[in-house]
Structure formats: structure tokens, C-alpha cells
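Hi,

Here is the structure I promised to pass on.

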Amino acid sequence: MGRFRDLFIWELGDSLRLLLFLLGVPPLTYLLAVGYLRAQWDVGSVSSHLPPVFTAGSFLGSITALHLFDYPSLSTGFWVLLSLLVAVFSVMTFRYDRENGYALSVYSLPFGKSEIFTAKVLSALVLSLLSLYVPLLIVDVFPNVDILEGIREIVFTERYLYLLVFATYFVLFSLSVSTLFSVLLENMFLAFIASFFFLVLPFFAGLSWPPFSFVPMLARSLSWASPFSTDWLTWGLVVPALLLLVSEVMFTRRDVK
Amino acid sequence: MRRTLFVLILAFTLSLLGVWGAYLTVEGSQGFIGPAVISGSKDGITYVAVHSSGWMVINASFNGRGTVVVLDQLSNEALFASNVSGHLNVPIVLPREGSYAIYIPNGSLTLSGHYNGIHPTSRVQKVLYASIAVLSFALALWRWWR
């Protein structure tokens, strides 16, 4: 286990990927923050003579909670950039070492091929999930310092967990598709273009295909749209797992080239 | 591992700069509240709920008759109350982020509003700048000590 940990940490510390992470996350945060910094309004009706006042325990009913659930799905630039960044991470993880020759030295070390694959996938997954969660955390917390108590109450609920699970499905699906392409194709550029065509182009064409079919569901998780229903579980967890399994088989059965 | 952690903290710091940049971008971006009809009687009220993401001014115009009130729904204080007879054009300041309700206890009004950008409150500015300063200082120290 110690050896695997060394390999994983070595994969995670790859300078080029860390540089891309460093260049990718601040723009992602910027896009998400621009999406957040708007006013949102709604018409409400009550049968009393005063509008509702939200004290501790009832913040989920406020328009602030509605906005917190709505803004991630409305900033589409964030999701386009995130899927491209995830594709870049997995393409860099699986192809850069082969095209620059140092993969052969890694393979001469006493590691199994599936061990190497697992370390690579895990390191790409960690970077991708961080580039999703760090912007979300920052944009939820920092512009709302005055009402942090209410934000904390909204964020630590089951429904916000649903939102996070939908967002995680987005990353998992993008990662597994681009991993498959980077194992399948023998060129970094081809792998990236294939992932781009598969992940982002349907969205530009106005089709609601995964992973972009997860994005509108983020807002609907406020009204208890569950990510654990069969349909979403299939597209968000089972299909990525299958794709990763196929990639693993291809990775272990093929020569290093 | 140390390098990964360093890059992670550096990315966090630069992301805070990204939030700052977002505030600079939305400073002049416009938006609309309404138009909407708000009304109130002894049976109940129809109100407009507004989420503000910071300090902002709504240039509101009301048409109708009655007393319009703006309520901060999180701290339960009335920020603004004015009598409208016919037409009222007034800037309403929403002092911080949160939920606000524009309502009329008795009568009926049409409301349309326009805002010219959203600004960070002084507390948000302080927290943002202090976090950026502290994190960059810590990173500089770490780099220097190694």
C-alpha cells in the first residue's frame, strides 16, 4: 500500500497538471462569481398581512436559498470550461507521459499496470473534483460574509447535498469519457478533440445529453429532485464506472505507446 | 505532496482574486426587478421578494395608491416606507446581501425597478482582502523557509 501511495502522490505532483490546475481554477471561480452576483426576484403570496421573516431554521424558504440553488445551473460558461479542464486533466494524465517518453521508466518500476491506471485515474479525479468544489465553496462563502449563518444553514442540508451529487456526476461523466478517449486514441490532440466533440458539442447544439443534462438538475434539487433515482444513478455513476472499467481493460492489455 | 498542497493554496488565493475580479465586472452590469403588481388587503398580500448579492440601489418606480414598505426578511427590519399617491420614483438602498420583500399592507401598486450594478459590502471587502493578504503572506513565508 505504501508503494501505491508513493505512485499516487507522484502522479498528483506532476508539475504540468498542477500548472493547468492553477491556470484553470481562478477563471472557473470568476465565471461562477459573475453568475452569482446578480439580483433575483420572485412574486410571492401569503395570507397574512406581513411577508415571511426567515429566522434560524427556515432559511431554505427564502429567495436567497433559491438563488443559491439557481446560480450554478445558470452560469453555463463555468460548466463548459469545467468539462474542458477535466478533459485536459485526463488527457494529460494518460497521454503526456507516453508521448514524452517517461512512461517507459514508470513501467519499468515494480508496479502492476492496473495499479498505475488506478493511481492515474485517482489523481485526475482529485484535481477535477477540486476544480469543481473550490469555486463552489468560495462563491457560496465569500460574497455572503454578512449572512454566513443563513448560508451555513442552507448549505448543510440534504437538498444541497443533492446539488453537490449532481455536480459530481457531471465531473465523473466527463472524466470517464475523456479517459476512455485518451486510452483509445494514440494522440493527445485527437483525444482532446474527441472528448470535446463528445462532451461539449451536444450542449452547443442545444441537446440535453449527459454531462450537460445534469446541469439543470442542480436547480431542481431544491424541490427534492433526487440524484439517487435509477435514471440519474445510471448516467452519473454506472455509465462512468463502466467506461472506466473498459479503459482499465484497454490500458492493461495494450503496449506502452 | 508539499508541492501539491502549495499549488492548492495558491489556486485558492488566486480564486479569491477571481471573486474580486467578478465584483469589478458586475459593478456596471444592469438588471431589472419587475414589473410586477403587488397588493395587500385583509385577506393577504402579494409581495415581491428580491435577493441581493451585495450592496445595491434599486431605482424603483411605483404606480398606484398605498404605503409601500421594504422589509429585510433576514433581520426583520423595515428599511423603507413611503406613501404613494399616484406615482413615486425613488432609489431604494439594499444595504447588504440577503432577502428583501417589497410589499404593501393595504392597496395595490405596480412596481418596476432597475439597478446599476452590485457592490461588495465593507465587511465582504475586508474579509476578501484580509484572506488574500494572509494567504499570500503565508505562502511567501513557506517559500522562503524551504
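**What turned up**

Trp20(B) is found in helix H1 of chain B; helices here are DSSP runs of H or I with at least four residues, strands are runs of E with at least two, and both are numbered from the N terminus. Before going on, some ground rules: this is a predicted model, in which local features need pLDDT of at least 70 and side-chain atom pairs count only at pLDDT 80 or more, while totals for chains, interfaces and linings use all residues. Residues are numbered from 1 along each chain as its sequence is written, chains are lettered from A and ligands numbered from 1 in the order in which they are written, and side-chain values use heavy atoms, with hydrogens and water left out.

Back to the tryptophan. Together with Leu14(B), Leu17(B), Leu24(B) and Tyr129(B), Trp20(B) forms a nonpolar surface patch with about 430 Å² of accessible area (Shrake-Rupley method, 1.4 Å probe, only the protein chains shown counting as cover for residues). Patch members have over 30% relative accessible area and no salt bridge; nonpolar side chains (Val, Leu, Ile, Met, Phe, Trp, Tyr) are joined within 5 Å, like charges within 9 Å. Helix H1 (residues 2–26) of chain B gives the largest share of this patch, four residues.

Chain B also carries a surface patch of positive charge, made by Arg2(B), Arg3(B), Arg143(B) and Arg146(B). Lys and Arg count as positive, Asp and Glu as negative, and His and the chain ends are not counted; each charge is placed at NZ of Lys, CZ of Arg, CG of Asp or CD of Glu.

Met56(B) stands opposite Leu94(B) in S4(B). Four residues separate the strands of this hairpin, and Asn76(B) in the turn has a positive phi of about 55°.

Now for chain A, which has twelve helices and one strand. Its C-alpha trace spans about 75 × 35 × 30 Å along the principal axes.

Over all chains there are ten salt bridges (a side-chain nitrogen of Lys or Arg within 4 Å of a carboxyl oxygen of Asp or Glu). In one of them, Glu11(A) meets Lys120(A), with the closest N and O atoms 3.2 Å apart. That pair links helix H1 (residues 2–12) of chain A to helix H6 (residues 113–141) of chain A, 109 residues apart.

Happy to talk it over!

Terms used
Pairing = 2+ DSSP bridges.
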